[in-house]
Amino acid sequence: MMLCLLRTQPIMQRLKVVLKRDKVRVPCPVNCPCEHPINWRSEDVSLSNLEVVEIHGLQGEDDEVDFLKGILRCVTVLRRLTMTISDDISPSNNGYEKICSIMKEYPDVECHIMASVSEGFFIHE
């Protein structure tokens, strides 16, 4: 669904995504709309003007990692990416490690990964 929305705003310069989830995770049913189109993970969207991206509430799940890869694959002038990790995961989480690994492939992008810990934040840059 995000890719469809991004297609409608090809001249966008800033993108902010806030992921909200229920505490109880319910698996997707068969033929869930979130998996359509089936090839969304490999689709390209023109994001030639996108310079700043903020994603809040990441949990490092496969669909989030694939979305992040898709954004990075489609941008041409991205300067800064700020991600806030959900309180439910830690830096030792596999999803967190995947996100950090992806960012190493884009050394020209200023990347900040933050997670709230109690009242404060820790930052990985």
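The legends below walk through several close-up views of one predicted protein model.

View 1. Residues are numbered from 1 along each chain as its sequence is written, and side-chain values use heavy atoms, with hydrogens and water left out. Since the model is predicted, local features need pLDDT of at least 70 and side-chain atom pairs count only at pLDDT 80 or more, while totals for chains, interfaces and linings use all residues. The protein chain holds three helices and five strands; helices (H or I, at least four residues) and strands (E, at least two) are DSSP runs, numbered from the N terminus. Their order along the sequence is α-β-β-α-β-α-β-β. Of the 125 residues, 39% count as buried, where buried means under 20% relative accessible area, exposed over 50%, and partly exposed in between (1.4 Å probe, protein chains only). Among contacts with a separation of 6 or more, 75% come from residues 24 or more positions apart; a contact means heavy atoms within 4.5 Å.

View 2. Look for L15 opposite V53 in β2, and for V18 with its bridge partner H56.

**View 3. Strand β2 with its neighbour β3.** β2 is mostly covered, with six of its seven residues buried. Six bridges join β2 to β3, again in a parallel arrangement, and V52 has R80 as its bridge partner in β3. T82 also lies in β3. Is T82 buried or exposed? T82 counts as buried because its relative accessibility is 12%. Leaving aside neighbours within four places in sequence, T82 is in contact with V53, E54, I55, H112 and M114.

**View 4. L50, in the loop between β1 and β2.** L50 is found in this loop, and a relative accessible area of 0% is why L50 is buried. Not counting residues up to four places away in sequence, L50 touches M12, Q13, R14, L15, V75, V77 and L78. The C-alpha atoms of L50 and I11 are 7.4 Å apart, though the two residues are 39 residues apart in sequence.

**View 5. Helix α2 and the annotated span around it.** The 13 residues of α2 (residues 62-74) should span 18 Å at 1.5 Å a residue, and the end C-alpha atoms are 18 Å apart, so the two agree; the expected span is 1.5 Å times one less than the number of residues. Buried residues in α2 are E64, V65, D66, F67, L68, G70, I71, L72 and C74. An unreviewed UniProt entry carries the annotation "domain: FBD" for residues 47-82; such annotations may be inferred rather than shown by experiment. That span is 36% helix and 28% strand, with its end C-alpha atoms 17 Å apart.

**View 6. Two salt bridges.** Side chains of opposite charge can pair when their charged atoms come close. How many salt bridges are there? The count comes to two, using a side-chain nitrogen of Lys or Arg within 4 Å of a carboxyl oxygen of Asp or Glu. R79 forms a salt bridge with E51, the closest N and O atoms being 3.3 Å apart. This pair links distant parts of the chain, 28 residues apart: R79 is in the loop between α2 and β3 (80-85), and E51 is in the loop between β1 and β2. R79 counts as partly exposed at 45% relative accessibility, as does E51 at 26%. K98 forms a salt bridge with D62, with closest N and O atoms 2.8 Å apart. Here K98 in helix α3 (residues 94-104) is linked to D62 in helix α2, 36 residues apart. K98 is partly exposed, with a relative accessible area of 29%, and D62 is partly exposed at 49%.

**View 7. Confidence, and a stretch to treat with care.** pLDDT is the predictor's confidence in each residue, from 0 to 100. The mean pLDDT of the protein chain is 78, and 74% of its residues reach 70 or more. Over residues 118-125 pLDDT stays under 50, and the model has 19 contacts beyond four places in sequence for them. Where pLDDT is low, the predicted coordinates should not be read in detail.

Conventions. Two strands pair if DSSP finds at least two bridges between them.
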